[in-house]
Each structure stands twice: as structure tokens, then as C-alpha cells.
Amino acid sequence: MFGLLGTFVNAITIVICSLVGCFLLKRIPQRFEDHIKKALGLAIFFVGIKGALQNENILLLIMSIVIGAILGELINIDKWMNHFGKWIEQKLGINTEVQIESNKTKNHSHSFSKGFVSASILYCTGSMAIIGAMQSGLQGNHEMLFAKSVIDGTISLVFGASMGIGVAFSALSVLIYQGTITIASQAISGFLTDDIVREMSATGSLVVAGIGLNFLGIKEIKVANLIPAVFIPGIWLLAAGLF
């Protein structure tokens with residue numbers, strides 16, 4: 001259980017900060033929300049590209065993204081994550097769709113499922129989630145996940161204010177995703193090499209860059225359907241090592 005300490009701290013931080021954002025900062029003017037979201041999108045895009053540049057096998061990166069996209073689209077992870085978010089929304093009796101009147105009437109969606117899916121992807125697919133969870137499992141070193149908690153908490157304040165309580169439930173995704181990586185790392189510690197960690201992290205970072213593009217409003221990408229790409233480098237390099 002001590003190996004999961006970093007993940008527990010990360011999840012608790014997300015819950016607390018997103019609730020603070022949802023209930024205490026929800027009156028942030030719309031123009032500030034939009035501007036902050038775009039600023040975060042720019043920062044997220046930079047972090048994603050910077051992490052992706054750690055890649056040392058560009059062909060593996062391209063192959064992983066393409067294969068991951070095909071698998072993700074076949075499974076339609078985006079659809080199932082949205083359905084899961086809406087299921088929770090219905091069970092809790094939450095209706096967060098609101099209308100905001102301005103010079104022109106427009107829809108402003110504080111969708112539970114949108115907040116849940118967007119936050120889950122952002123918090124789970126970056127290099128810090130993968131490497132931090134591995135370090136917790138292999139070395140009992142939680143420093144990276146503690147640092148990630150500070151970053152995720154800051155983002156949760158803004159996301160909670162702009163997208164509602166669904167952001168808080170992304171902590172479940174963090175617990176499951178990072179907890180699984182931590183436990184799996186302990187089980188297969190003898191097979192994980194620096195190359196595997198680096199290539200998986202680089203691919204995950206490129207997926208995160210897609211989240212940044214979504215926030216910037218440049219092009220809507222079903223980033224959830226790219227999640228399988230993160231695991232392709234590990235599978236490929238492990239298979240290559242065996243043969």
C-alpha cells in the first residue's frame with residue numbers, strides 16, 4: 001500500500017481543488033474562463049510537445065500513434081468514457097447543462113461527462129503519470145507524483161470552475177490508472193527498461209498535446225481514442241527483446 005501513496009495524494013488533491021473551483025470559484029466571469037482555458041491549452045500543448053521530443057525512435061512513435069488510434073477507434077474509448085460519465089451523472093441526479101445570456105445567446109456546457117473525460121485524459125496520459133507511478137512501484141519514490149499533484153491541483157481549480165463537478169470524479173481514473181501502473185511495475189520490474197519508459201512517456205506526451213489543441217479550439221480531437229498508443233511502445237520493445 002505504501003507504493004500507492006503518491007497516487008492517493010494525487011487523487012485527493014484533485015478532488016479537493018476541483019471542488020474548491022466548482023463551488024467557490026464558479027462565478028469567474030466567462031471571459032476569464034475562456035482566456036484561462038486557452039492559456040492552459042497553450043501550456044499543455046508545450047508540455048506535451050516537449051515530452052514527445054524525448055523520443056529516440058520516431059518510427060516507433062508514429063507507428064504507436066497510428067495503431068493506437070485504430071485500436072481506440074475500434075473500441076471507441078471516447079464513447080464509453082462519455083457514457084460512464086453520463087451514467088454517474090444520472091445516478092447522482094446531476095444536471096449541469098446551463099444557459100448563459102450575453103449579447104448573443106449561446107450554450108455554455110458544464111457537462112459532467114465532458115469534465116470527467118477531459119480531466120481524466122489530461123491527468124492520466126502524461127509522462128509524469130507513467131514515470132511517477134513506475135517510480136512509486138519500483139523504488140518507493142513518490143517525489144514525481146507529489147510534484148504532479150501540485151500541477152493537477154492547480155489545473156483542477158480552473159477546470160472545476162469551468163467544467164463542473166465531473167472534474168472531481170477524474171480522481172477515480174487517476175487511482176485506477178496510476179495504481180495499476182504502480183502495481184504492474186512491481187510485478188514486472190525485471191522487464192522494464194529505460195527505453196520502454198522513455199518511449200511510452202514520449203507517446204503519452206504527444207497524446208497530451210492533443211488535449212492542448214482541443215482547449216485552444218483549433219481542432220476537436222477524440223484524444224481518448226489515442227490512449228492505447230501509450231502502451232504500444234512497451235509491447236513492441238518487450239516483444240523485440242524476446243525475439
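# Notebook: helices, rings and charges

Helices (H or I, at least four residues) and strands (E, at least two) are DSSP runs, numbered from the N terminus.

**Ground rules.** I am working with a predicted model, where local features need pLDDT of at least 70 and side-chain atom pairs count only at pLDDT 80 or more, while totals for chains, interfaces and linings use all residues. Residues are numbered from 1 along each chain as its sequence is written, and side-chain values use heavy atoms, with hydrogens and water left out.

**Overall layout.** I looked up the secondary structure and noted ten helices and two strands. Read from the N terminus, the order is α-α-α-α-β-β-α-α-α-α-α-α. Next came burial: buried means under 20% relative accessible area, exposed over 50%, and partly exposed in between (1.4 Å probe, protein chains only). By that rule, 49% of the 243 residues of the protein count as buried.

**The nonpolar patch.** Which residues make the nonpolar surface patch? I listed Phe8, Ile12, Val15, Ile16, Leu19, Val20, Phe23, Leu24, Leu25, Leu172, Leu175 and Ile176, which together make a patch of about 1000 Å². Helix H1 (5-24) and helix H8 (170-187) are the elements that give two or more residues to the patch. H1 provides the largest share, eight residues. For my own reference: patches are made of residues with over 30% relative accessible area and no salt bridge, with like charges joined within 9 Å and nonpolar side chains (Val, Leu, Ile, Met, Phe, Trp, Tyr) within 5 Å. The accessible areas come from the Shrake-Rupley method with a 1.4 Å probe, and for residues only the protein chains shown count as cover.

**Cysteines.** I then turned to sulfur. Cys17 is buried, at 17% relative accessible area, and Cys22 is buried too, at 12%. My search of the whole structure for disulfides (pairs of cysteine sulfur atoms within 2.5 Å) came back with zero.

**Aromatic pairs.** A pair of aromatic rings is described by the distance of the centres and the angle of the planes. Rings of Phe, Tyr and Trp (its six-membered ring) pair if their centres lie within 6.5 Å; planes under 30 degrees apart count as stacked, over 60 as edge-to-face and the rest as tilted. I found three aromatic pairs in the structure. In one of them, Phe159 and Phe215 have ring centres 5.2 Å apart and planes at 90°, so I wrote it down as edge-to-face. Phe159 is in helix H7 (residues 143-163) and Phe215 in helix H9 (residues 194-216), so this pair ties together parts that are 56 residues apart in sequence. Phe159 is buried at 1% relative accessibility, and Phe215 is buried at 11%.

Another pair is Tyr177 with Phe231: the centres are 6.4 Å apart and the planes are at 65°, so this one is edge-to-face. Tyr177 sits in helix H8 and Phe231 in the loop between H9 and helix H10 (232-242), so the pair ties together parts that are 54 residues apart in sequence. Is Phe231 buried or partly exposed? At 33% relative accessibility, Phe231 is partly exposed, whereas Tyr177 is buried at 14%.

**A charge over a ring.** I checked Trp80 and saw the charged end of Lys79 over its ring, 5.5 Å from the centre. The rule here is that NZ of Lys or CZ of Arg is within 6 Å of the ring centre and within 35 degrees of the ring normal.

Most residues other than glycine have a negative phi, and most peptide bonds are trans. Asn76, though not a glycine, has a positive phi of about 60°. I located Asn76 in the loop between helix H3 (58-75) and helix H4 (77-92).

**Salt bridges.** Side chains of opposite charge can pair when their charged atoms come close. The salt-bridge rule is a side-chain nitrogen of Lys or Arg within 4 Å of a carboxyl oxygen of Asp or Glu, and I counted four in the structure. One of them joins Glu56 and Arg198, with the closest N and O atoms 3.6 Å apart. Glu56 lies in the loop between helix H2 (30-52) and H3, and Arg198 in helix H9, so the pair ties together parts that are 142 residues apart in sequence. Glu56 is exposed, at 62% relative accessibility.

Arg198 also forms a salt bridge with Glu199, at 3.0 Å between the closest N and O atoms. Glu199 is buried, at 2% relative accessibility. Salt bridges with shared partners join Glu56, Asp195, Arg198 and Glu199 into one network.

My last entry is the salt bridge between Asp152 and Lys148, at 2.6 Å from N to O. Both lie in helix H7, four residues apart, about one turn of the helix, and both are buried.
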